[in-house]
Amino acid sequence: MREISSSSAEVQVSPPWTQLPSDLTANILQRLGSVEILKSARKVCATWWKVCQDPAMWRVIKIISAEDNQWECTTMCRCAVDRSQGQLIDLTIAYFGDGELLQYIVDRSSRLRRLTVACCYNISGTALTDSVKKLAELEELRLFIPSILAADIETIGISCPKLKSFTFNQCQLEHLLSEFEPVGTVSSNEDALAIAKSMPNLCCLRLCANKLDNEGLLAILDGCPHLESRDLRQCFGVDIGGPLANRCWEQIKDLRVPSVSMQYFGLDLGEFYDDGFD
């Protein structure tokens with residue numbers, strides 16, 4: 001009988017990480033973020049590929065673009081949404097996308113509860129409102145785009161009756177990193193009145209550098225009786241003093257007045273730079 005050489009009898013041993021339970025592997029991979037999973041992790045081995053096929057892996061999607069890869073980000077976002085198979089509940093997109101992409105997302109994500117749209121300058125107010133009309137389950141909306149009008153805010157509130165948290169900043173996101181002094185601008189309460197009229201279930205409201213004044217603030221306090229957290233930083237038209245101060249502190253548990261530092265604004269600003277492309 002012919003002897004079998006030791007070299008021909010070698011047995012390939014699978015890497016130890018392939019032996020982990022699938023739920024633990026999923027938990028680990030989800031910490032990488034959507035971009036790393038799509039570009040790298042799912043291609044490492046058959047085990048990871050199988051785990052990444054699970055729609056539950058795509059309930060949270062966050063994709064941040066650099067200036068030179070918007071097309072790639074759009075393609076990856078569509079791919080991730082498709083993989084979620086309707087289970088997507090939390091989506092963040094920044095620096096890429098347009099109304100067509102947003103419609104693609106909402107048509108396949110009726111369960112979406114949390115949406116962040118940051119510096120997506122090709123998404124108009126009309127495109128946004130047409131999309132959120134399909135998101136009846138939305139509970140938190142964070143907007144960092146300049147194209148939103150008071151009429152759009154009202155439409156959003158009417159379309160999303162479960163909305164509990166609303167963040168709205170018309171400045172470019174980077175401007176939140178710098179402080180500035182109040183300037184002589186004309187007050188406008190259009191946004192505040194739209195919020196008061198259409199978002200009665202709000203618990204948390206964050207505005208930045210909005211032109212509302214005391215009248216607008218009072219309208220919000222009256223129209224949003226469940227409000228517990230209110231961010232007014234750089235809203236220099238508001239003068240919180242006297243009876244208005246008493247009203248605010250009675251109703252609001254977490255109140256940030258116009259002069260408070262903009263170091264944080266309802267989100268970790270670093271997430272828009274640390275989780276994107278190199």
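Where does Cys119 lie? Cys119 is found in the loop that runs between strand S3 (114–118) and helix H6 (125–132). This is a predicted model. In it, Cys119 has a phi near 55°, a positive value in a residue other than glycine. Most residues other than glycine have a negative phi. Is Cys119 buried or exposed? Cys119 counts as buried, because its relative accessibility is 2% and the cut-off for buried is under 20%.

Ala209 also has a phi near 55°, again a positive value in a residue other than glycine. Ala209 belongs to the loop between strand S6 (204–208) and H9. Its relative accessible area is 27%, so Ala209 is partly exposed.

**The protein as a whole**

How many helices and strands does the protein have? There are 11 helices and eight strands. The protein has 278 residues, and 48% of them count as buried. Now take contacts between residues at least 6 apart in sequence. Of these, 73% join residues at least 24 apart.

Helix H10 covers residues 242–251. Its buried residues are Leu244, Ala245, Cys248 and Gln251. Why do they lie on the same side of H10? They cover an arc of only 145° around the axis, and therefore share one side of the helix. A general rule fits here. An α-helix has 3.6 residues a turn, so residues three or four places apart point the same way.

Which exposed residues sit on the face turned away from the buried side of H10? That face carries Pro243 and Glu250. The buried residues of H10 pack against two elements: helix H9 (214–223) and strand S8 (254–256).

**Helices H8 and H9**

H9 also packs with helix H8 (residues 190–198). Two packed helices are described by the angle between their axes and the distance between the axes. For H8 and H9, the angle is about 10° and the axes are 8 Å apart. H8 is therefore roughly parallel to H9.

Which residues make the contact? From H8 come Ala192, Leu193, Ile195 and Ala196. From H9 come Gly216, Ala219, Ile220 and Gly223.

**Val238, a buried loop residue**

Val238 lies in the loop between strand S7 (229–231) and H10. Is Val238 buried or exposed? Val238 is buried, because its relative accessible area is 7% and buried means under 20%.

What does Val238 touch, not counting residues up to four places away in sequence? Its contacts are Leu212, Asp213, Asn214, Leu217, Leu232 and Pro258. Val238 and Glu215 are 23 residues apart along the chain. Their C-alpha atoms are separated by 8.6 Å.

**Aromatic rings**

How many aromatic pairs does a search of the whole structure find? The search finds one. Phe166 and Phe168 form this pair, and the pair is stacked. The ring centres are 6.0 Å apart, with 10° between the planes. Both Phe166 and Phe168 are buried.

The charged end of Arg78 sits over the Tyr104 ring, 4.3 Å from its centre. Arg108 lies over the face of Tyr104, at 3.5 Å from the ring centre.

Definitions and conventions:
Residues numbered from 1 in each chain as written. Predicted model: local features only at pLDDT ≥ 70, side-chain atom pairs only at ≥ 80, totals over all residues. Heavy atoms only, no water. Buried < 20%, exposed > 50% of the residue type's maximum accessible area, 1.4 Å probe, protein only. Helix = DSSP H or I, 4+ residues; strand = E, 2+ residues; numbered from the N terminus. Arc of directions from axis to C-beta. Contact = heavy atoms within 4.5 Å. Phe/Tyr/Trp six-rings, centres within 6.5 Å; stacked < 30°, edge-to-face > 60°. Lys NZ or Arg CZ within 6 Å of the ring centre and 35° of its normal. Axes fitted to C-alpha atoms, helices over the stretch in contact; angles between N-to-C directions. Parallel < 35°, antiparallel > 145°, perpendicular 65-115°, else oblique.
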